[in-house]
Amino acid sequence: MGEWTNLGGFEARSAALWRFGEFGELLLRDCVPPPVPPSANADGTPGPEPAEVKPFPAATVPAVLKVVEAAMKSHLATPTTKSFVLTTLAKLTSRFGDEHKPPIEELIASFQTSMNLELQQRSTEYLALLGGQWDSIRPEMLTKMPIVDE
């Protein structure tokens, strides 16, 4: 996975974090792009052969968490970015399964000593939500955003 600082501006990083939280399980699968159909020139003759598009290999959970942690520790990380990180981490607990919960909880817990009170509170609330007493409602609380109907 790429460098966090190469993702562009604030909006791009925020969108990337949101996508990680919503669709993190898809990062753990190989991505095979669909075949590119051959193109035709304006006169109807066959165009150049399309470039070969190589599959993108699946990421590992540690690799995904490394990118999220880099976002958290980046000098570019604002309190808003860090709040996106916390929400992403909480959602990833339901996307990646219980065996990956401890390292995610450790990253969330690191915000409990933040100088920002909102981040402290959010991390404490997420850690409480990840506790055993909320097992019955946690999947619903961390579900994917619904598709907007027009």
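Visitor: At roughly what angle do the axes of helix 3 and helix 4 cross, and within what distance do they come?

Guide: Before the angle, a word on the model, which is a predicted one in which local features need pLDDT of at least 70 and side-chain atom pairs count only at pLDDT 80 or more, while totals for chains, interfaces and linings use all residues. Residues are numbered from 1 along each chain as its sequence is written, and side-chain values use heavy atoms, with hydrogens and water left out. Helices are DSSP runs (H or I, at least four residues), numbered from the N terminus. Axes are lines fitted to C-alpha atoms, for helices over the stretch in contact, and angles run from 0 to 180 degrees between N-to-C directions. Here the axes of helix 3 and helix 4, the latter being residues 101-109, come within 10 Å and cross at roughly 170 degrees.

Visitor: How are helix 3 and helix 4 oriented to each other, roughly parallel or roughly antiparallel?

Guide: Angles under 35 degrees count as roughly parallel, over 145 as roughly antiparallel, 65 to 115 as roughly perpendicular and the rest as oblique. Helix 3 and helix 4 are therefore roughly antiparallel. Contact means heavy atoms within 4.5 Å, and helix 3 contributes Leu 86, Leu 89, Ala 90, Leu 92, Thr 93 and Phe 96, which meet Lys 101, Ile 104, Leu 107 and Ile 108 of helix 4. For sorting such residues, Ala, Val, Leu, Ile, Met, Phe, Trp, Tyr, Cys and Pro count as nonpolar, Asp, Glu, Lys and Arg as charged, and the others, Gly among them, as polar. By that scheme the contact of helix 3 with helix 4 has 8 nonpolar residues, 1 polar and 1 charged.

Visitor: What span does helix 1 have, and which of its residues are buried?

Guide: The expected span of a helix is 1.5 Å times one less than its number of residues. Helix 1 (residues 10-23) has 14 residues and reaches 20 Å from its first C-alpha to its last, close to the 20 Å expected. As for burial, buried means under 20% relative accessible area, exposed over 50%, and partly exposed in between, with a 1.4 Å probe and protein chains only. In helix 1 the buried residues are Arg 13, Ser 14, Ala 16, Leu 17, Phe 20, Gly 21 and Glu 22, and the buried residues of this helix pack against helix 2 (61-73) and helix 3 (79-96).

Visitor: Which residues is Val 85 in contact with, leaving aside its neighbours within four places in sequence?

Guide: Val 85 has its place in helix 3 and counts as buried, at 0% relative accessibility. With those neighbours left aside, Val 85 is in contact with Leu 17, Val 68, Ala 71, Met 72 and Phe 111. Of these, Leu 17 lies in helix 1 and is buried, with a relative accessible area of 1%.

Visitor: How many salt bridges does the structure hold, and which residues do they join into one network?

Guide: A salt bridge is a side-chain nitrogen of Lys or Arg within 4 Å of a carboxyl oxygen of Asp or Glu, and the structure holds 6 of them. One of them pairs Arg 95 with Glu 25, the closest N and O atoms being 3.9 Å apart. Arg 95 lies in helix 3 and Glu 25 in the loop between helix 1 and helix 2, so the pair ties together parts that are 70 residues apart in sequence. Both partners are buried, Arg 95 at 13% relative accessibility and Glu 25 at 18%. Glu 25 also forms a salt bridge with Lys 144, where the closest N and O atoms are 2.5 Å apart. This pair links distant parts of the chain, 119 residues apart, with Lys 144 in the segment after helix 6 (138-141). Lys 144 counts as partly exposed at 34%. Another salt bridge joins Arg 138 and Asp 135, with closest N and O atoms 2.5 Å apart; Arg 138 is buried at 9%, whereas Asp 135 is partly exposed at 43%. Through shared partners, salt bridges join Glu 25, Arg 95 and Lys 144 into one network.

How values were computed. Helices (H or I, at least four residues) and strands (E, at least two) are DSSP runs, numbered from the N terminus.
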